[in-house]
Amino acid sequence: MRIARFSAEDGMSFGVVEENTIAAVAAHPFGELTFTGQRFPLADVRLLAPILPSKVIAIGKNYAEHAREMGGEAPAEPVIFSKPSTAVIGPGEAIAYPEKLSERVDFEGELAVVIGRMCREVPAARAADVILGYTCANDVTARDLQKKDGQWTRAKGFDTFCPLGPWIETDADPADLAISTTVNGEVRQDARTSQLSHDIPTLVEYVSQVMTLLPGDVILTGTPAGVGPLEIGDEVTVTVDGVGSLTNRVVARD
Ligand code: MG
């Protein structure tokens with residue numbers, strides 16, 4: 001099932017995407033869904049970020065080849081950081097390049113996990129019980145500021161630096177999915193989620209030992225090798241097979 005959030009003529013709603021239509025869901029997408037009976041052609045709605053998380057937790061250097069391209073080894077334990085919820089944008093929304101503050105803004109295509117219920121201290125073996133589904137993410141990063149600051153809050157935290165979408169796929173098996181990123185149609189990242197150093201159950205256990213996860217919280221699982229810069233005017237697409245494709249353009253920040 002593909003759960004999206006969308007705006008149509010009479011406001012915003014969650015909905016379930018089926019073929020070329022979207023069936024509106026009352027209230028929230030957690031637990032049993034209640035359908036309103038309204039259905040729209042997909043072409044007549046605008047898809048929004050599929051969820052507005054209370055927090056976005058991200059994993060650093062979780063593909064060995066990416067850790068190497070950054071000049072290190074894959075860490076033995078997951079390295080976690082956070083992106084503010086205000087960084088989240090949806091499919092088709094613009095990534096705003098903060099030219100006054102950064103000269104190097106990179107894409108990072110990632111598989112994102114969406115949490116479906118409040119939980120803490122979840123054993124890896126029970127991680128599937130707390131996961132609603134999966135979406136595509138772009139962990140946009142001001143690489144120069146990441147290096148300069150020595151920690152990542154500013155580099156990872158600009159408004160628009162967390163595109164998510166196009167929807168939450170609830171039926172995907174994330175163990176071995178193809179993940180790729182293109183910039184202006186050219187393939188820049190091409191990997192499989194089976195190459196994750198720390199798999200998704202391990203990440204859910206690790207993060208939930210630290211903090212309570214709320215419905216809608218998002219875990220970005222790390223980016224494969226091939227990261228590189230974006231320029232104003234670029235179009236960047238993150239695709240996870242069996243999940244979907246997320247496309248955003250880069251514009252100058254006002
Ligand atoms: Mg990342």
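1. **Lys 156 and Asp 139.** Lys 156 and Asp 139 are both buried in this predicted model. Their side chains form a salt bridge, with N and O 2.9 Å apart. The two residues come from distant parts of the chain: Lys 156 sits in helix α3, and Asp 139 in the loop between β12 and β13.

2. **The network around them.** Shared partners join several salt bridges into one network. Its members are Lys 83, Arg 104, Asp 106, Glu 108, Asp 139, Arg 143 and Lys 156. The salt bridge count comes to 13.

3. **Lys 83 to Asp 139.** Asp 139 also forms a salt bridge with Lys 83, where the closest N and O atoms are 2.6 Å apart. Lys 83 belongs to strand β7 (residues 79-83), and 56 residues separate the pair. Both Lys 83 and Asp 139 are buried.

4. **Lys 156 to Glu 108.** Lys 156 meets Glu 108 in a salt bridge as well, at 3.4 Å from N to O. Here helix α3 (residues 153-157) is linked to the loop between β10 (105-107) and β11, 48 residues apart. Why do Lys 156 and Glu 108 count as buried? The cut-off is under 20% relative accessible area. Lys 156 counts as buried because its relative accessibility is 2%. Glu 108 counts as buried because its value is 4%.

5. **The largest nonpolar core.** This core holds 28 residues. Tyr 134, Ile 200, Val 204, Ile 219 and Val 243 have the most contacts inside it. At least two residues each come from β6 (56-60), β11 (109-115), β12 (131-138), α4 (200-210) and β19 (235-240). Helix α4 gives the most, with four residues. In soluble globular proteins, nonpolar side chains tend to be buried together.

6. Which residues does Val 204 contact, leaving aside neighbours within four places in sequence? They are Val 122, Ala 127, Val 130, Ile 131 and Ile 219. Another core lies apart from the largest one. This other core has 22 residues, including Ile 3, Phe 30, Val 88 and Ala 137.

7. **The largest pocket.** Its volume is about 210 Å³. Of the 16 lining residues, Lys 61, Met 70, Arg 143, Gln 146 and Trp 152 are the closest to the centre. Two elements, β6 and α2 (143-149), each give two or more residues to the lining. The largest share is that of α2, with three residues. By type, the lining has seven charged, six polar and three nonpolar residues. Arg 143 is one of the residues closest to the pocket centre, and Arg 143 is also part of the salt bridge network.

Terms used:
Residues numbered from 1 in each chain as written. Predicted model: local features only at pLDDT ≥ 70, side-chain atom pairs only at ≥ 80, totals over all residues. Heavy atoms only, no water. Core = buried A, V, L, I, M, F, W, Y, C linked by side-chain atoms within 4.5 Å. Buried < 20%, exposed > 50% of the residue type's maximum accessible area, 1.4 Å probe, protein only. Contact = heavy atoms within 4.5 Å. 1 Å grid on protein atoms, 1.4 Å probe; cavity = no way out; pocket = protein on both sides within 12 Å on 5 of 7 lines; lining within 4 Å. Points joined across faces, edges and corners; volume = space filled by probe spheres on them. Nonpolar A, V, L, I, M, F, W, Y, C, P; charged D, E, K, R; others polar. Salt bridge = Lys/Arg side-chain N within 4 Å of Asp/Glu carboxyl O.
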